[in-house]
Amino acid sequence: MAGSNPSQQHASTGGGLGGGPCAGPPRSGTGPGSTSAREAAARVVPAATSSPLVGSAQPGGTQADAAPGVPLLDLGRQYASIQDEVEAAVLRVLRSGQYVLGPDCRALEQELAAYTQCRHAVACASGTDALLLALMALGIRPGDEVLLPSFTFFATAGAVARLGAVPVFVDIEPDSFGMDPTRASEAVTPATKAVIPVHLYGQCATLEPILALAASQGLAVVEDAAQALGALYRGRPAGGWGDVGCYSFYPTKNLGGMGDGGMLCTQRADLADKLQILRVHGMRQRYYHEAVGINSRLDTLQAAVLRVKLAYLEAWTAARIRAAARYAALLAPLEREGLLILPRELPDRRHVWNQYVIRIPGGKRDALRAFLQERKVSTEVYYPVPLHLQACFADLGYRPGSLPETERAAAEVLALPIFAEITEAEQECVAACIAAFFGRTAQGVPRPKFLDRPAQRSVQDGPAASR
Ligand SMILES: Cc1ncc(COP(=O)(O)O)c(C=O)c1O
């Protein structure tokens, strides 16, 4: 599972080189030092050390030709920008003595319901639990078939399998990376009970034909909007279209907590009621169990932090959109030459760029990734092994070739660094390195001097990862 090993995850604060392309961002006086994406949220590390993914001045070097370093994600920079508010909120909760659910959680539910234009929101302990709870509330049972893409994070399929239901993997559209509605309609059988469109990387799947299919076949729709809080489809938020939408507050998400957290949004009062009790062992009244539920309560601390961050989400999303436009401008000439394929915001959708994922055709993706890693530009592959080819689903009978678009995407995708605070210089560095790999220069970026020196390998460089 990408991201399961914290030591392989790097999200860091800047190296403080200042100035020219490929230098790190200005170091904030208040932010914590480098840390990994998962660790940053689990514990804010006040370390002074610099991540191997952050540029550091070379002995005798100048700022302009310093070795590059661009982290995939830098939670420290975000934290530094809201530190006082977050710490005040955390302190307030610590002093309150109420640590599970509570008023902050209820307030967050209301705020998320408003943000997603849903009547009800129910908080839970993770995006994974949100999916599991949604399927439980919809009455998915052993043997039921559930349609979902294979090109997604494991949790989407794990939730189905944990209920004894059968994941039926559907191929994707190459441009949205979401479930192909035509392939979905071909996969329906009398046992099909639900469909889970996943809004991957921050852009909605092609929802309307999927919703029409679900309506005609009597299927429940669970939207996996874990990566897409704030994304819009025909002006309406991701997660608010189906029976229930599931969100994750994993730290690398656009609205990330400082630990795990999740939310379910729905227009249906009956489902909201079931979800409320399923997340607390099926209890409405304490110690009286109407159903067999799970323990999936949201920590009050997470709710308080998320409420602080929610106020910034639109501004952060706007910054991600600007960063995506910048990459598009920098890399356009390489796309015109057919060297790579840039991600697109599709008509009638707002992409919120949880990930900026390019495609490298011709079997060169891994070589490019290694080239970038040698230059301390951090990238990730979401996801290298599609779910239909995972060992745990071998008995479902899929083979290489079963889902061609999914398998092609898995071989070609490469996620570039993107986060609200990424600097223009960092993006120019990323683009310059990609261009150099292909023997070109990036649009408007002179070839930096460091590219003419042999790359310096960091022994600690490992795959940076979020999810
Ligand atoms: C598409 C998708 N679904 C579900 C999840 C599960 O969310 P969580 O990590 O909060 O359990 C994630 C999170 O990484 C995800 O990216």
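A residue is called buried if 20 or more other C-beta atoms lie within 10 Å of its own, exposed if 12 or fewer, and partly exposed in between, with C-beta atoms placed from the backbone. Helices (H or I, at least four residues) and strands (E, at least two) are DSSP runs, numbered from the N terminus. Residues are numbered from 1 along each chain as its sequence is written. The model is predicted: local features need pLDDT of at least 70, side-chain atom pairs count only at pLDDT 80 or more, and totals for chains, interfaces and linings use all residues.

**Exercise 1. Describe the overall make-up of the protein and the confidence of the model.**

Step 1. The protein contains 13 helices and 14 strands. Of its 467 residues, 54% are buried.

Step 2. Two residues are in contact if their C-beta atoms, placed from the backbone, lie within 7 Å. Among contacts between residues at least 6 apart in sequence, 70% join residues at least 24 apart.

Step 3. Confidence is given by pLDDT, the predictor's own value for each residue, from 0 to 100. The mean pLDDT of the protein is 87, and 82% of the residues reach 70 or more.

Step 4. Over residues 1-21 pLDDT stays under 50, and the model has 91 contacts beyond four places in sequence for this stretch. Residues 458-465 also stay under 50, with 19 such contacts. Where pLDDT is low, the predicted coordinates should not be read in detail.

**Exercise 2. Determine how strand 9 is placed in its sheet and whether its residues are buried or exposed.**

Step 1. Strand 9 covers residues 262-266, and five of the five are buried, so the strand is largely enclosed by the rest of the structure.

Step 2. In a regular strand the side chains alternate between the two faces of the sheet. In strand 9, Gly 262, Leu 264 and Thr 266 point one way, while Met 263 and Cys 265 point the other way.

Step 3. Two strands are said to pair if DSSP finds at least two bridges between them. Strand 1 (residues 120-124) pairs with strand 9 in the antiparallel sense over five bridges. Here His 120 has Thr 266 as its bridge partner, and Val 122 stands opposite Leu 264.

Step 4. Strand 8 (residues 244-248) is also antiparallel to strand 9, over four bridges. In this pairing Ser 248 is bridged to Gly 262.

Step 5. The open sheet has seven strands in the order 1-9-8-5-4-2-3, with mixed pairing. Strand 1 and strand 3 (166-170) are its edge strands, each pairing on one side only. Neighbouring strands of this sheet are turned by 25° against each other on average, direction ignored; axes are lines fitted to C-alpha atoms, for helices over the stretch in contact, and angles run from 0 to 180 degrees between N-to-C directions.

Step 6. Helix 5 (residues 155-162) lies across strand 2 (145-149), strand 3 and strand 5 (220-224), and runs at about 170° to strand 2.

**Exercise 3. Compare the span of helix 2 with that of a straight helix, and locate its bend.**

Step 1. The expected span of a helix is 1.5 Å times one less than its number of residues. A straight helix of 22 residues would therefore span 32 Å, whereas helix 2 (residues 75-96) spans only 27 Å between its end C-alpha atoms.

Step 2. The bend at a residue is the angle between axes fitted to the seven residues ending there and the seven starting there. At Ile 82, helix 2 bends by about 75°.

Step 3. The buried residues of helix 2 are Leu 75, Gly 76, Arg 77, Gln 78, Tyr 79 and Ala 89. Just after the helix, Gly 97 takes a positive phi of about 80°.
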